[in-house]
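Trainee: I have a model open and want to learn how to read it. Can we go through it feature by feature?

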Amino acid sequence: MIYFDNSATTKVAPQALETYTKVSNQIWGNPSSLHAAGEHAFGLLEQARLQIANLMGAEQDEIFFTSGGTEGDNWVVKGTAIEKRMHGKHLITSSVEHPAVLNSMAQLEKLGFEVTYLPVNENGQVSVQDLKDAIRPDTILVSIMAVNNEIGTIQPVDKIAEILKNHPKIHFHIDAVQGIGKGIQQIIMNDRVDFVTFSGHKFHAPRGIGFMFKRRGRKLAPLMSGGGQEKNLRSGTENLPAIAAMAKALRLLLEEEKTKVAKQLEIKKFIYDYVTKFPKVTMFSQMTSEFAPHILCFTIDGVRGETIVHAFEEHGIYISTTSACSSKKHVVSGTLNAMNIPEKVATSAIRVSLDEHNSLAEAQTFVDVFEQLYHQFEKINS
C-alpha cells in the first residue's frame, strides 16, 4: 500500500502506540484521585503537558488537552463568543476554513452574532488588507487557519498578527491542524497569537486526542462543564494514555524537522513536475513558499474525483478527493468554490498529501500509475 492521504489521518507511530499501551496497562489511575495511583497519573499528565509546552515554545499552563481539532476550533470560536459577548458580537474568519470553524460561526450567526467571511485569491489566500478593513470596534475574534487542508495554502498569519498588535483586545486564533511539523512553527506560534489548535492524529498520535495553546491571561469560556479538569476550562477525565502518546508523537515529529520538510518538498516537486506536463491537468497547489510542503491538489479535467480515487485504489495507492470531512458526502470543495472554480472542474479535484515517511520510490510508482490512468480516461472521454 502507498498511503498518500496523510492530511486525512496518519498512521500511529509505533513508539507512540507503545507508550499508549504501556500507560493503559501500568498507569490507569484517575489523575484527579487523591491516592498514590491518582498522583502517579497526575504526574505523568503534567509531564506530558510540560513536554508539549517545551516543544511548542510555550509555558506549561498554556497547554490544554482536547479531543482533537474539531473540539479545539469549536471551543475557541464559541468560547470567545460567550466570554466576550458583552464587548462585541463581530467575528472575522476566511471563506476557506475547516467546517469546524465555519459551522461554529454559522451557529453563532443564528444567535445574533455577525461574521465577516474574507474572500480569497486564486491561490486560496486571504488579503491582509481585506482583514484590516473588516475590523470593527465590536470585533472580538479573528480565526484564520495556518494551512488550508484542501490545497495547502499557507495563510499570512504572521502579517495578520502584525495588524492585530494594534487591536490587543481582539482574540486571534489559528487552526494549525495541517501546519504542525511543516516548518512554519515560528509563524504559527508568534507572540500575537492567542489560541492555536492541534489534532494528534495528524502527526502520528492516536485519534481522539489533541491540544490547544491558550496564551496566558486570555479568557475563554468553557464548553465542557463537569468535574473541573484542565483548570475548570475543559472538564472530563483526561485521556492519559492518548495524551502521553501524543507527547511522544510530537517529539518524534519535530526531530530533524527541516530534513523531513525538505524530503516532502522533494517528493511534492517530483509529482508536481510530472503531472503538470499533461494538458488535461489543472493544478491548484503551487511550488512556492505560499504553499505547504505536503499537499498537492489537482484535477484530470472531465473525470470525477471519486472516480480517480477509486482507480488509484485498485493499484494500492490511497489518495482522496479534497477534504476527508466532505469526500463521502460528495460535497464540492469549499476551498475551490471560494476560489470561484467552476463546479464542473471542482468535482474533479483530488488531493495527494504526504508525510515524512513517504518516499521518492512511492512517488515514482504514483506517476507511473497516473500516466496509465490518464490515458485510460482520455480514451473513455474521447
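Mentor: Start with a strand pair: β3 and strand β5 (residues 139–145) run parallel and share four bridges. Two strands count as paired if DSSP finds at least two bridges between them. Strands are DSSP runs of E with at least two residues, helices are runs of H or I with at least four, and both are numbered from the N terminus. In this pair, H90 stands opposite T139 in β5.

Trainee: What should I know about the model itself?

Mentor: This is a predicted model, in which local features need pLDDT of at least 70, side-chain atom pairs count only at pLDDT 80 or more, and totals for chains, interfaces and linings use all residues. Residues are numbered from 1 along each chain as its sequence is written, and side-chain values use heavy atoms, with hydrogens and water left out.

Trainee: Which strand pairs with β3 over five bridges?

Mentor: That is strand β4 (residues 114–118), again in the parallel sense. Look for I92, which stands opposite T116 in β4.

Trainee: What kind of unit do β3, helix α4 and β4 make?

Mentor: First, the handedness rule. Point the strands away from you; a crossover is right-handed if the path from the first strand over the helix to the second runs clockwise. Here β3, helix α4 (residues 99–110) and β4 form a right-handed β-α-β unit.

Trainee: How many residues of β3 are buried?

Mentor: Buried means under 20% relative accessible area, exposed means over 50%, and partly exposed lies in between; the probe is 1.4 Å and protein chains only are used. In β3 (residues 90–94), five of the five residues are buried, so the strand is largely enclosed by the rest of the structure. Check both faces: H90, I92 and S94 lie on one side, L91 and T93 on the other, and all are buried.

Trainee: Which residues point each way from β2?

Mentor: I63 and F65 point one way, F64 and T66 the other, and all are buried. β2 is joined to strand β8 (residues 210–214) by four bridges, and these strands run antiparallel. The bridge partner of F64 in β8 is M212.

Trainee: How do I read aromatic pairs?

Mentor: Rings of Phe, Tyr and Trp (its six-membered ring) pair if their centres lie within 6.5 Å; planes under 30 degrees apart are stacked, over 60 edge-to-face, and the rest tilted. That rule gives nine aromatic pairs. In one of them, the ring centres of F64 and W75 are 6.2 Å apart and the planes are at 90°, so the pair is edge-to-face. F64 is in strand β2 (residues 63–66) and W75 in helix α3 (residues 69–84), so the pair ties together parts eleven residues apart in sequence. F64 and W75 are both buried.

Trainee: Where do F278 and F370 lie in the chain?

Mentor: Geometry first: their ring centres are 5.2 Å apart with planes at 75°, so this pair is edge-to-face. F278 is in the loop between α10 (257–275) and β9 (281–283), while F370 is in helix α15 (residues 360–381), 92 residues apart. F278 is buried at 12% relative accessible area, and F370 is buried at 0%. Ring pairs link Y274, F278, F298, F370 and Y374 into a cluster.

Trainee: What sits over the ring of F113?

Mentor: The charged end of K89, 5.4 Å from the ring centre. The test is NZ of Lys or CZ of Arg within 6 Å of the ring centre and within 35 degrees of the ring normal.

Trainee: Which residues does A81 contact?

Mentor: Contact means heavy atoms within 4.5 Å. Leaving aside neighbours within four places in sequence, A81 is in contact with L108, F113 and I140. A81 is in helix α3 and counts as buried at 1% relative accessibility.

Trainee: What span should I expect for helix α2?

Mentor: Take 1.5 Å times one less than the number of residues. For the 21 residues of α2 (residues 36–56) that is 30 Å, and the end C-alpha atoms are 30 Å apart, which agrees. After α2 comes G57, with a positive phi near 70°.

Trainee: Is α9 largely enclosed or exposed?

Mentor: 13 of its 15 residues are buried, so α9 is largely enclosed by the rest of the structure. A247 is in α9 (residues 240–254) and is buried at 2% relative accessible area. Not counting residues up to four places away in sequence, A247 touches A48, Q51, I52 and L55.
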